Amino acid sequence: MPSINQSIFQPEVFFLTGIPDFEPQHAWISIPFCCLYAIAISGNGMILFVIITESSLHEPMYYFLSMLSVTDLGLCLSTLVTVLGIFWFNAREISFDACIGQMFFIHCFTVMESSVLLTMAFDHFIAICNPLRYAMILTNSRIIKVGLAIVIRGTTALVSVLLLKHLSFCHSHVLHHSFCFHPDVMKLSCTDTKVNSAVGLAIVISTAGLDSVLILLSYALIIHSVLSIASPEEQKKAFGTCVSHISAINIFYVPMISLSLVHRFGKHAPPFVHTLIANVYLLIPPVMNPIIYSVKTKQIRKAIFKVFLSKLT
């Protein structure tokens with residue numbers, strides 16, 4: 001056992017946790033997780049493929065949908081290796097630098113996903129409230145600039161992650177998730193983490209917090225505009241175009257809020273609850289988004305059928 005003086009430096013490795021209290025069942029638990037990863041990767045890959053190959057989908061709405069698929073793929077791939085590595089090979093060790101890298105990609109793609117959802121809300125707002133200027137406002141050059149801004153915004157996660165490099169760790173090096181999670185790593189530090197907490201909170205407020213408020217504002221304006229439409233048929237059609245996006249917002253923000261509440265108030269909850277909610281938070285949006293858009297968006301559905309028919313013939 002290392003002495004206290006030896007253990008206050010940065011650890012060479014952290015030890016990840018699978019599903020606490022269910023270690024003997026990890027091989028069976030890996031089956032649904034593996035299926036979810038396969039659905040998420042194939043589904044988002046298919047969405048990207050049909051948007052790239054089908055010229056009829058080369059429109060702003062589908063460009064933003066392709067950005068959502070890219071961020072979902074990033075979230076999946078950020079955790080896939082460690083999650084399945086634990087379930088299949090009991091590979092619980094992860095180096096400190098690899099842990100830092102995984103944290104960056106998880107938080108980067110989370111910020112990017114929130115930004116894309118906000119951008120899609122703006123797209124719906126323009127399409128419904130100012131349709132005559134839609135093509136004039138959302139030009140290809142502006143969409144490229146929006147995409148670059150989303151990527152740059154995602155890299156702000158690097159600040160909070162790099163601050164962990166300056167912490168010392170003198171407690172257990174066992175993390176309570178199957179991937180490196182920023183609050184989880186901070187709890188293991190024996191030095192003052194007030195700066196880390198403040199920076200992390202500032203990033204959350206300026207990204208997910210601000211985005212959620214602006215999304216609500218966008219939909220308040222959309223609802224006001226739609227209700228002013230005289231025809232019930234037109235109202236139904238306008239609201240119908242927003243169903244997929246509203247579903248995507250719910251499956252992203254509800255698990256995020258649930259995870260935050262569990263970390264804040266669920267100290268006495270069983271350990272596996274924290275782990276399961278964290279995995280739901282990172283896996284369910286990538287799994288559900290392509291399903292929602294494939295089912296609810298006629299153009300995407302037709303393009304997917306066209307691809308499958310061409311392969312069969």
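The model is predicted, so local features are reported only at pLDDT of at least 70 and side-chain atom pairs only at pLDDT 80 or more, while totals for chains, interfaces and linings use all residues. Residues are numbered from 1 along each chain as its sequence is written, and side-chain values use heavy atoms, with hydrogens and water left out.

## Cysteines

Let's begin with the sulfur atoms. A disulfide is a covalent bond between the sulfur atoms of two cysteines; here the criterion is a pair of cysteine sulfur atoms within 2.5 Å. How many disulfides does a search of the whole structure find? The search finds one. The partners are Cys 99 and Cys 180, with their sulfur atoms 2.0 Å apart. The torsion about their S-S bond is about -125 degrees, so this disulfide is left-handed. Cys 99 belongs to helix α3 (residues 96-129), whereas Cys 180 is in the loop between α6 (157-163) and α7 (182-186), so the bond ties together parts that are 81 residues apart in sequence. Helices (H or I, at least four residues) and strands (E, at least two) are DSSP runs, numbered from the N terminus.

Cys 99 and Cys 180 are both buried. Buried stands for under 20% relative accessible area, exposed for over 50%, and partly exposed for values in between (1.4 Å probe, protein chains only).

Two further cysteines are worth a look. For Cys 108, the closest cysteine sulfur is that of Cys 76, 15 Å away, which is too far for a bond. Cys 108 is buried, at 6% relative accessibility. For Cys 242, the closest cysteine sulfur is in Cys 129 at 9.0 Å, again too far for a bond. Cys 242 is buried as well, at 1% relative accessibility.

## Helix α3 against helix α5

Two packed helices are described by the angle between their axes and the distance between the axes. The axes of α3 and helix α5 (residues 140-154) come within 8 Å and cross at roughly 145 degrees. These axes are lines fitted to C-alpha atoms, for helices over the stretch in contact, with angles from 0 to 180 degrees between N-to-C directions. The crossing of α3 and α5 is right-handed; a crossing is left-handed if the near helix is turned anticlockwise from the far one by less than a right angle, and right-handed if clockwise.

Which residues of α3 meet α5? They are Cys 108, Val 111, Met 112, Ser 115, Val 116 and Thr 119, and on the α5 side they meet Val 146, Ile 150, Val 151, Arg 153 and Gly 154. Contact means heavy atoms within 4.5 Å. By class, this contact of α3 with α5 has seven nonpolar, three polar and one charged residues. Ala, Val, Leu, Ile, Met, Phe, Trp, Tyr, Cys and Pro count as nonpolar, Asp, Glu, Lys and Arg as charged, and the others, Gly among them, as polar.

## Aromatic rings

Rings of Phe, Tyr and Trp (its six-membered ring) pair if their centres lie within 6.5 Å; planes under 30 degrees apart count as stacked, over 60 as edge-to-face and the rest as tilted. By this rule there are 10 aromatic pairs. Two of the pairs are set out here.

| Ring pair | Distance of centres | Angle of planes | Class |
|---|---|---|---|
| Phe 14 and Phe 96 | 5.8 Å | 45 degrees | tilted |
| Trp 88 and Phe 89 | 6.3 Å | 85 degrees | edge-to-face |

Phe 14 lies in strand β1 and Phe 96 in helix α3, so their pair ties together parts that are 82 residues apart in sequence.

Leaving aside neighbours within four places in sequence, Phe 15 is in contact with Arg 92, Glu 93, His 173, Val 174 and Leu 175.

## Loop residues with positive phi

Asp 21 has phi near 75 degrees, a positive value in a residue other than glycine. Asp 21 sits in the loop between β1 and α1 (26-53) and is exposed, with a relative accessible area of 55%. Asn 90, not a glycine either, has a positive phi of about 55 degrees. Its loop runs between α2 (60-89) and β2 (93-95), and Asn 90 is exposed at 54% relative accessibility.
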